[in-house]
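Please keep the sequence and the model in view while reading.

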Amino acid sequence: MATGRTHRPATRSRGIPEATVARLPLYLRALTALSERSVPTVSSEELAAAAGVNSAKLRKDFSYLGSYGTRGVGYDVEYLVYQISRELGLTQDWPVVIVGIGNLGAALANYGGFASRGFRVAALIDADPAMAGKPVAGIAVQHTDELEKIISDNGVSIGVIATPAGAAQQVCDRLVAAGVTSILNFAPTVLSVPDGVDVRKVDLSIELQILAFHEQRKAGEETEGEAAVPPVAPTGASASAAADGRKGPDGDVPAVMPA
């Protein structure tokens, strides 16, 4: 079986924009769900809605793949699954090592979606000697002293860092020196890597902060909407009090009421 060390995805050489590449997994997830329901074709509007983008953007993205669909029929679901999988490099085996088997690392090791998406967890690595040999998700944890040998023996080009922030850069440097060229970083820190090494950072706290921003903005819009409601002109005793400048039952009444 081929490994990630012998082939790189063709997206860059084909000139596919990074924004399009970032959306391809969204399309693939939606298409896979359709395939599992034995849906043969899908329109751009339906697929765009399922992926959370607009249909014009989807059609533009697919044009980079050379796929334009058929008017009145739509896109062939199985062919698009293959086409996108090929562009993402998922038609081959990608061995992955996870470094840092704490709560997060163990959860990642137990994630069942890796194998079905073209990724094989080749090794679990941790710096704690007490962890060595312990099975996690059916894989025995190995000590970081073996990191370079593990990468070489398994042809690993993708590493996942789930260590504390203080250890992440050192682990990153060792991964890169051993030949890893793509890193998924869960540690709450920014990694420094040389040219030719790709890093994707997953920071849940940042995502929550972005959601907090949107919640605050929505709350502010609601407050502004309430403030924009014009006051109701008083009637009866309040109206009489307004006319001669006296206080009404609810306090000061403006001398001039809105029309």
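The notes below cover helix packing and the annotated regions.

This is a predicted model, in which local features need pLDDT of at least 70 and side-chain atom pairs count only at pLDDT 80 or more, whereas totals for chains, interfaces and linings use all residues. Residues are numbered from 1 along each chain as its sequence is written, and side-chain values use heavy atoms, leaving out hydrogens and water. Two packed helices are described by the angle between their axes and the distance between those axes.

**Helix 1 and helix 2**
- The axes of helix 1 (residues 18-36) and helix 2 (residues 44-51) come within 9 Å and cross at roughly 110° (axes are lines fitted to C-alpha atoms, for helices over the stretch in contact, with angles from 0 to 180 degrees between N-to-C directions; helices are DSSP runs of H or I with at least four residues, and strands are runs of E with at least two, numbered from the N terminus).
- Helix 1 is therefore roughly perpendicular to helix 2 (a term for angles of 65 to 115 degrees).
- Leu 26, Tyr 27, Ala 30, Leu 31 and Leu 34 of helix 1 meet Leu 47, Ala 50 and Ala 51 of helix 2 (contact means heavy atoms within 4.5 Å).
- The residues of this contact divide into eight nonpolar, no polar and no charged (Ala, Val, Leu, Ile, Met, Phe, Trp, Tyr, Cys and Pro count as nonpolar, Asp, Glu, Lys and Arg as charged, and the others, Gly among them, as polar).

**Helix 1 and helix 4**
- The axes of helix 1 and helix 4 (residues 77-87) come within 9 Å, crossing at roughly 145°.
- Residues of this contact include Leu 24 and Leu 28 of helix 1, and Val 81 and Ile 84 of helix 4.
- By class, the contact of helix 1 with helix 4 has nine nonpolar, three polar and two charged residues.

**Helix 2 and helix 3**
- Helix 2 and helix 3 (residues 55-64) have axes that come within 8 Å and cross at roughly 100°, which means that helix 2 is roughly perpendicular to helix 3.
- Ser 44, Glu 45, Leu 47 and Ala 48 of helix 2 make the contact with Ser 55, Leu 58, Arg 59 and Phe 62 of helix 3.
- This contact of helix 2 with helix 3 holds four nonpolar, two polar and two charged residues.

**Annotated regions**
- An unreviewed UniProt entry gives residues 26-65 as a "DNA-binding region" (annotations may be inferred rather than shown by experiment).
- The span of residues 26-65 is 72% helix and 5% strand, and its end C-alpha atoms lie 15 Å apart.
- Gly 100 is found in the loop between strand 3 (94-99) and helix 5 (103-109).

Methods: Angles under 35 degrees count as roughly parallel, over 145 as roughly antiparallel, 65 to 115 as roughly perpendicular and the rest as oblique.
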